[in-house]
Amino acid sequence: MVYVDEIDVDQEGIAEMTLDENSIAQVARPGTSLRQATAKKHEGPSPAVRPVTQSGRPLTGFVRPGTQSGRPGTMEQAIRTPRTAHTARPITSASGRYIRLGTASMLTNPDGPFINLSRLNLSKYAHSPNLAKTLFEYIFHHENDVKNALELAALATENAQFKDWWWKVQLGKCYYRLGLFREAENQFKSALAHQDMVDTFLYLGKVYARMDQPLTALSMYKQGLDRFPKEVTLLCAVARIHEEMNNLTSATEYYKELLKQDNTHVEAIACIGSNHFYTDQPEIALRFYRRLLQMGVYNCELFNNLGLCCFYAQQYDMILTSFERALSLAENDEEVAEVWYNLGHVAVGIGDLNLAYQCFKLTLANNNDHAEAYNNLAVLEMRKNHVEQARALLQTSAALAPHMYEPHFNFACLSDKIGDLQSSYVAAQKSEAAFPDHVETQQLLEKLRQHFAMI
Amino acid sequence: MSSSADCSREGESSKWLDAHYDPVAGLNTFSSCIALADLHGDGDFKMVAGDIGSGPFNMKLKVYKGTSLMSENALLDMPTGVAAFLMDQNEPRTPAVAVASGPFIYVYKNLRPYFKFTLPALEINPLEKEVWDQAKEDKIDPLTLKEMLDGIRDKAEIPLSVRSLRFLMLEQQEMEAFVNTYKQLPLKRQVGLPSVPALLDVNGQYDIEYRITVACRNGNIYILRRDSKRPKYCIELSTQVVGMVRVQKNIIIGTSQEILLGYSQKGKRLWTVTLPAPIMTMALLEQKSRSIQAVLVGLKNLEVHLYRDKNLLSVISTPDIVTSLCFGRYGREDDTLIMTTQGGGLIIKILKRTAHFEDKDTAPGPPTGQSIKLNVPKKTKLYVDQTLRERENAVAMHRVFQMDLYRLRLSAARAYVKALDASLAPVSSTMQEPLTLNAAVQGIGPRFKLILNLQNTSVNRPSMQLLISFLYDEQLYRLRPAFFKVPLLVPGLNYPIETFVDCCTDKGISDIIKVFVLREGKSTPLLTAHINMPVSEGLVAG
């Protein structure tokens, strides 16, 4: 039987995101929300150095649910399938993967369900504590029937005179699944009053994160850390919150603290590695990725990163072998596309534009939605003076990834060059919205404004 | 940085008192249409504002007393200027209000219409008049008329009227109609300037000596004097003038390029200041008790800047974009600043009597960017070790790299050829049919929307006779039309083609759908796009 790690992060569904009734302020004060347009102010590396996700948040070093796409601005973005995620957003987090678990268990039992829940006398089982706990776990995890699980938990906690912290935590879990965050918060807090548990702190932090109160979540985790000093899962949770709030320096500090406790924590190693890579220290990033390799992680992504680190740290003998290994380890077209994309960058770096062109084309052949490759290909076409092709490619790129500033800026430059000042201005404004501090965009806008003001 | 900004903000609040703010006063006006006057001779100054209303309707002359509206008079036309002046020597000395609108000046006395004054036409060239008189009596044909007018234009002392100038610009066949239309009307000369005036400033006395400064729509500023018929001085700017204020003997000009310029009376440029945002309006601040004269500049970034010469004295933050400014005595308070906003709001602020403006040079020393330290990470020991390794094994590393590079080139070329042969890429590389294809999937299932964006990237050749077909697992998906024709593709336009895909499995698995763009009569595709279908959520949830 497969257990889902309940305390781990889960992705918000479309329904929760668009019909959110828990958020208090439409426009939260800066630094107090996970969902604001983070493109405004960048603490860490600028998007010119470190690529960003759809929501304008720097890419993380470790793919978790929710790190890929962030909160969508429009309904269209919400229902579009994000790149590198294999499913569109779940409708609600109550459906999706949990339901699929339920159906998967049903498929394995063609004779019908193991226990018929509708015939169960829940109040009878609630009186025998040991059986009730097992039954609850079966209903909650295997059958995924939150309503019955809640009923059983309510009866059982009543039977235990509201003194058993375990049942309170289970009640909280049920409420959380049902989206009743305030009730869940009450149950978890009440459970904490009986018994300090790491899990309970984590659940509570998760509730606050879902209610978009990252600062409360952080203080909750701190409280947990006071009680359980240097607890790995709590440190990891704190680091994740910092990362989501764009505070990469403190996220890295927490990850480092975590590594002191558990030096095989893959997520921490990967995140610190990518952070070093994007802050211009590829040689250190290389060390971290090598550590991952030593630990037995052996996949396409890792070799991809190793190859890039070698390239930027000038260890030329290792670059292409790493990428070759990555290509041979790639499991699907998307991974192949990423390898070719990075090889394209290497080719640009060594000045072989012909090879770069082929690499970017191969990226597109393997992954048709690779917006960055479209953009780079357009730049190469622009160099060949193929204006129409470049324009079409840039338009495609901008349509695929409206959060990237590069296609908008390149389109603005191209339009400016051929004298179409109006489109240049429009595109430059979009680029400015995606990356307000981009100096070249500002200069172009300034130039265009002067043009327009001139008689 | 932030603390100093806070300091200056505190300084602002200690200089200005917020007297009144009404965001819904419904007052839409410009700086030239506001005047402060003691209308009843009782020492209580009122504000007279020509409200432009909402477009061509509801134009009103409004009078405010204190914080409330005292009276309203309807105006016939859009007001362009409002001024209060003393008409007579009678006691009590109550000023009349003049409102300029269209070619008329309406004078109100005791807030009642008193008389209307029509701007007189300027004298016209006698030769020109004679020529037109002849045309009126059909003595000359349009061609001769044109020749004669041309001759007058070249020599004459008094410039031609607008009508003659327009006539000279016309094509031959249009001349006749023009002459027939206009020959009956009396001739007028209205413009003595080379261009349409936009802003005016007058000082001096009419009988003795005066100066009129005119900013025109062609971006030039002309300075006229009493005894000259033509502009005495001319300032040529490269941009439109949006505001002009005279401070003592200098002229301060705001242009549409976010620049404030100072000129002397003779048209010599004295200084230039670059502003942070476009200028909305400008007005003069004159504090008589301290004999301070400065310029108020309303900016688009919700700020009002106060400049004395090129020095920024004070910054006032406003809740909305300010469209008009007026400073002077209002009510019984000497130094009142009246602002109206874009949303029709009215803001009244009072300058504290203790307020003291300090001249600060706006650009002292090097720019602030110079002192910001860049966050450059230190080179680590690891890096040094690696460079050592690089130095020692340079030859070997280079050889390995070159060999790998050759192999990479070969494998890339092979993969590329393979992709080309099968037309796997979504960008076609043939010169005959330059196309790009991009597919997107929307939805959560079981019915997905497939959007194919097809674009012809050739310069001027439309694409015709193209077909689209799909390749998919029939057990998993159902596509309604799985094969259809593409319309003619005009170069440069994006053609979104939409179709629906039904997922007919409930096992929670997904597959790839391939899209081919084909040319009629050929089996090899021009383009291929692979769509990774998402897992259908709808079926399992429902």
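**Exercise 1. State where A:Q161 lies and whether A:Q161 is buried or exposed.**

Step 1. A:Q161 sits in the loop between α6 (146-159) and α7 (165-178) of chain A; helices (H or I, at least four residues) and strands (E, at least two) are DSSP runs, numbered from the N terminus. The model is a predicted one, in which local features need pLDDT of at least 70, side-chain atom pairs count only at pLDDT 80 or more, and totals for chains, interfaces and linings use all residues. Residues are numbered from 1 along each chain as its sequence is written, while chains are lettered from A and ligands numbered from 1 in the order in which they are written.

Step 2. A residue is buried if 20 or more other C-beta atoms, placed from the backbone, lie within 10 Å of its own, exposed if 12 or fewer, and partly exposed in between. A:Q161 counts as exposed because it has 7 C-beta neighbours inside 10 Å.

Step 3. Most residues other than glycine have a negative phi. Phi of A:Q161, however, is positive, near 55 degrees.

**Exercise 2. Describe how α10(A) and α11(A) cross.**

Step 1. The axes of α10 (residues 214-227) and α11 (residues 232-244) of chain A come within 10 Å and cross at roughly 160 degrees. Axes are lines fitted to C-alpha atoms, for helices over the stretch in contact, with angles from 0 to 180 degrees between N-to-C directions.

Step 2. α10(A) is therefore roughly antiparallel to α11(A) (under 35 degrees is roughly parallel, over 145 roughly antiparallel, 65 to 115 roughly perpendicular, the rest oblique).

Step 3. On the α10(A) side the contact is made by A:P214, A:A217, A:L218, A:Y221, A:G224 and A:L225, and on the α11(A) side by A:L234, A:A237, A:V238 and A:I241. Two residues are in contact if their C-beta atoms, placed from the backbone, lie within 7 Å.

Step 4. Nine of these residues are nonpolar, one is polar and none is charged (Ala, Val, Leu, Ile, Met, Phe, Trp, Tyr, Cys and Pro are nonpolar, Asp, Glu, Lys and Arg charged, the others, Gly among them, polar).

Step 5. The crossing is left-handed, meaning that the near helix is turned anticlockwise from the far one by less than a right angle; clockwise is right-handed.
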